[in-house]
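Here's a quick tour for anyone opening this structure for the first time. Have the view ready and follow along.

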Amino acid sequence: MRLNLNQSPIMTIDLHNMQTAEAKKYLQQKLDSAPKEVREIEVIHGYHSGKALMNMVRKSFNHPRIKSKSIGLNQGSTTFILK
């Protein structure tokens with residue numbers, strides 16, 4: 001974990017080499033167990049080897065803790081802003 005500018009912990013989750021269903025289950029587990037102090041999760045899903053993971057993370061994946069999703073300049077990652 002690292003800290004953002006507000007000194008809140010940021011988690012990083014790497015989904016490389018996972019199938020979509022496996023990645024969805026893994027994300028669900030990580031969000032369910034993420035400490036309450038964590039306010040951001042950077043999800044690394046890749047981009048060059050296909051867009052299935054990216055589309056799942058950005059479009060169809062939902063969880064009660066996700067307030068919003070942020071897409072930066074790196075097309076291979078998405079940041080979840082948590083409640």
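What follows is a short walk through the fold, the core and a few individual residues.

This is a predicted model, where local features need pLDDT of at least 70, side-chain atom pairs count only at pLDDT 80 or more, and totals for chains, interfaces and linings use all residues. Residues are numbered from 1 along each chain as its sequence is written, and side-chain values use heavy atoms, with hydrogens and water left out.

**Strands and helix**
- Together, S2, H1 and S3 build a right-handed β-α-β unit (with the strands pointing away from the viewer, the path from the first strand over the helix to the second runs clockwise).

- Most residues other than glycine have a negative phi.
- Asn17 is exposed, with a relative accessible area of 82% (exposed means over 50%, buried under 20%, partly exposed in between, with a 1.4 Å probe and protein chains only).

**The aromatic pair and the core**
- A search of the whole structure turns up 1 aromatic pair (Phe, Tyr or Trp rings, using the six-membered ring of Trp, with centres within 6.5 Å; planes under 30 degrees apart are stacked, over 60 edge-to-face, the rest tilted).
- Phe61 and Phe80 are the partners, stacked at 5.9 Å centre to centre with 10° between the planes.
- They link distant parts of the chain, 19 residues apart: Phe61 is in the loop between helix H2 (52-60) and strand S4 (66-70), and Phe80 is in strand S5 (residues 77-82).
- Phe61 is buried at 0% relative accessible area, and Phe80 is buried at 0% too.
- The largest nonpolar core has 18 residues, and Leu15, Leu27, Ile41 and Phe80 touch the most other members (such a core is a set of buried Ala, Val, Leu, Ile, Met, Phe, Trp, Tyr and Cys joined through side-chain atoms within 4.5 Å).

**A buried histidine**
- His63, in the loop between H2 and S4, is buried at 9% relative accessible area.
- Leaving aside residues up to four places away in sequence, His63 touches Gln28, Leu31 and Asp32 (contact means heavy atoms within 4.5 Å).

Notes
Helix = DSSP H or I, 4+ residues; strand = E, 2+ residues; numbered from the N terminus.
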